[in-house]
Amino acid sequence: MDGIPLLFKYTVPDKLYEKFWEGLKKGEIYTTKCKKCGTLYYPPRKDCEKCMSSDMEWVKLSNEGILMTYSIVKQKPQGFENYSDYIVGIARNSDGVNLMCWVKGEAKVGKKVRLTTDGQRVICEVIE
Amino acid sequence: MNRKVAVIGVGNSKFGKRDDVTIKELAWESVKEALEDSDLTQKDIDITVIGSTAYRGTEIYPAPPVSEYCGLVGKSPIRVEAACATGSSAAFTAINLIASGLADIVMAIGVDKMTEVDTSTSLAIGGRGGNYYWEFHMYGTTFPTYYALYATRHMALFGTTEEDMALASVKAHKYASLNEKAHFRNKITVEDVLKSRVISWPIKLLDSSPISDGSATVIFASEEKVRELKIDTPIWVKGVGYSSDTSYIAARGEWVGLEAARDAAAKAYKMAKISPLDIEYATVHDCFSIAEIMAYEDLGFVEKGKGAELLREGQTEKDGKVAVNLFGGLKAKGHPLGATGLSMIYEVTKQLREEAGPVQHSFKRYVALTHNVGGTGHYAYVMIFNR
């Protein structure tokens, strides 16, 4: 028999990392750096777990990188059913930061990539 | 550990798509078997720890109904969770309760009813098995995707192939065909794996463990109780290792092995005062075929990058150098998250007692290990047992 459905509706904080979400709309990737101890974080954080300070500044990340690994998602989860196949990757940029991204172009481990956005997420374009 | 701890009773339900029972009857199957195996009744149990992820079932707070159904009301004050390592987190808690002196006989029940939701919902729950905010929300990662990121990098750095990974699945199905409690009893070939539907490349359907329902129960006791109850073949807990890693997978900096598993293994070997080469039997967390290859390396059976060789040479078959997953592994025995870690202890106990029937491995030193990973190395437990 059918069980009673349980529908979860969520509200997620967006003001907390507003600069990041705004950056994505402009094709830029921002993250936070601790003003006190200089630790660069990605993803951005409100608080520095190393020196306990919460005094962070926003910095723009370099858009040059290398593709470290990737996977082509064929069977999509709930919420992504209407997307065509997408490639999830991890890129390491020239600041040494590792970012999850969607890969555009012919993915191969070790290829140079240019980091940009599609307005909603980080995109890494494989440079031929 | 302050006090020695032994396994004195084990039970394992039939794994599979169990739409014939709710989570309660499913739990009872392994609880009953463990009580009969130890010759105890519920009144002998001091505390029960219930491991269940529960997200995919209708009973999202399963401990009270399971406890009531199994006649353990008043003895189940805690439910634990560590994603796919939930069963080991229950064992870990139970062992600690005895080692600390708080209890003498503790039952750990692991149970999950995972097939009550549809696959798309299940993938969306699994995709949250990392970091919702920075991963799933933007990138639609599924649980297979996380392991696929490791597989792609392992292939690029060490030349591991899709055929190599397929060998792990073929081995799992071969042994599961001899296990009447396994989710799958069919044998498969390398070609079947390579031709199966791509889920998250390079991971295909037959590289993946199934979404299973099942339960497993282990009863632990202190050394004094083992003597008092005159237990014939206690299986001693010799080493317990645990660790964890970042939720955001990109932050780890390398993707060819699970640092949490390496750290947990080092702690377990140190406590047991043995080396990886002393292990004669291991249950490893083969949720995907690449995970088995990485486990050989992370546990130190071979150096990093050589895992596929061990598989190709047949060294992890029955009576090989270190037999691995002779009950069919997560891949074919099944992977009901809450039960998996305790089912590993069930398997190791059966092997060390020489009660494993057609898949009985031949031991010299009677030393075995369980390796249970939660998430993609977000949690790891490695435990060492001997007779």
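Mentor: One definition before we start: helices here are DSSP runs of H or I with at least four residues, and strands are runs of E with at least two. Also keep in mind that this is a predicted model.
Trainee: Got it. How many helices and strands does chain B have?
Mentor: Chain B has 14 helices along with twelve strands. Its radius of gyration is 19 Å, close to the 21 Å given by the globule rule for 387 residues, so chain B is as compact as a globular protein of that length.
Trainee: And what box do its C-alpha atoms fill?
Mentor: Roughly 55 × 45 × 40 Å, taken along the principal axes.
Trainee: How much of chain B is buried?
Mentor: Buried residues account for 65% of the 387 in chain B.
Trainee: What about contacts between residues at least 6 apart in sequence?
Mentor: In chain B, 77% of those contacts join residues at least 24 apart.
Trainee: Switching topic, which domains does UniProt list for chain B?
Mentor: An unreviewed UniProt entry gives "Thiolase N-terminal" for residues 6–224 of chain B. "Thiolase C-terminal" is annotated over residues 241–387, also from an unreviewed entry.
Trainee: What does the chain look like over those spans, in helix and strand?
Mentor: Residues 6–224 of chain B are 42% helix and 18% strand, with the end C-alpha atoms 10 Å apart. For residues 241–387 of chain B the figures are 35% helix and 17% strand, and the end C-alpha atoms lie 19 Å apart.
Trainee: Let's zoom in on His361(B). Where is it found?
Mentor: His361(B) sits in the loop that runs between helix 14 (337–352) and strand 11 (367–374) of chain B.
Trainee: Is His361(B) buried or exposed?
Mentor: Buried, because its relative accessibility is 3% and the cut-off for buried is under 20%.
Trainee: Which residues is it in contact with, leaving aside neighbours within four places in sequence?
Mentor: Among them are Glu280(B), Tyr281(B), Lys318(B), Asp319(B) and Gln351(B).
Trainee: Last one: which residues make the nonpolar surface patch of about 620 Å²?
Mentor: Leu6(A), Phe8(A) and Tyr10(A) from chain A, together with Ile60(B) and Tyr61(B) from chain B.
Trainee: Where is Tyr10(A) found, and why does it count as exposed?
Mentor: Tyr10(A) is in the segment before helix 1 (18–25) of chain A. It counts as exposed because its relative accessibility is 56%, and exposed means over 50%.

Definitions and conventions: Residues numbered from 1 in each chain as written. Chains lettered and ligands numbered in written order. Predicted model: local features only at pLDDT ≥ 70, side-chain atom pairs only at ≥ 80, totals over all residues. Heavy atoms only, no water. Patch = residues over 30% accessible without salt bridge, like charges linked within 9 Å, V, L, I, M, F, W, Y side chains within 5 Å. Areas by Shrake-Rupley, 256 points an atom, 1.4 Å probe, with all protein chains shown as cover. Salt bridge = Lys/Arg side-chain N within 4 Å of Asp/Glu carboxyl O. Buried < 20%, exposed > 50% of the residue type's maximum accessible area, 1.4 Å probe, protein only. Rg over C-alpha atoms; globule rule 2.2 N^0.38 Å. Contact = heavy atoms within 4.5 Å. UniProt positions renumbered as here; feature names shortened; annotations may be inferred.
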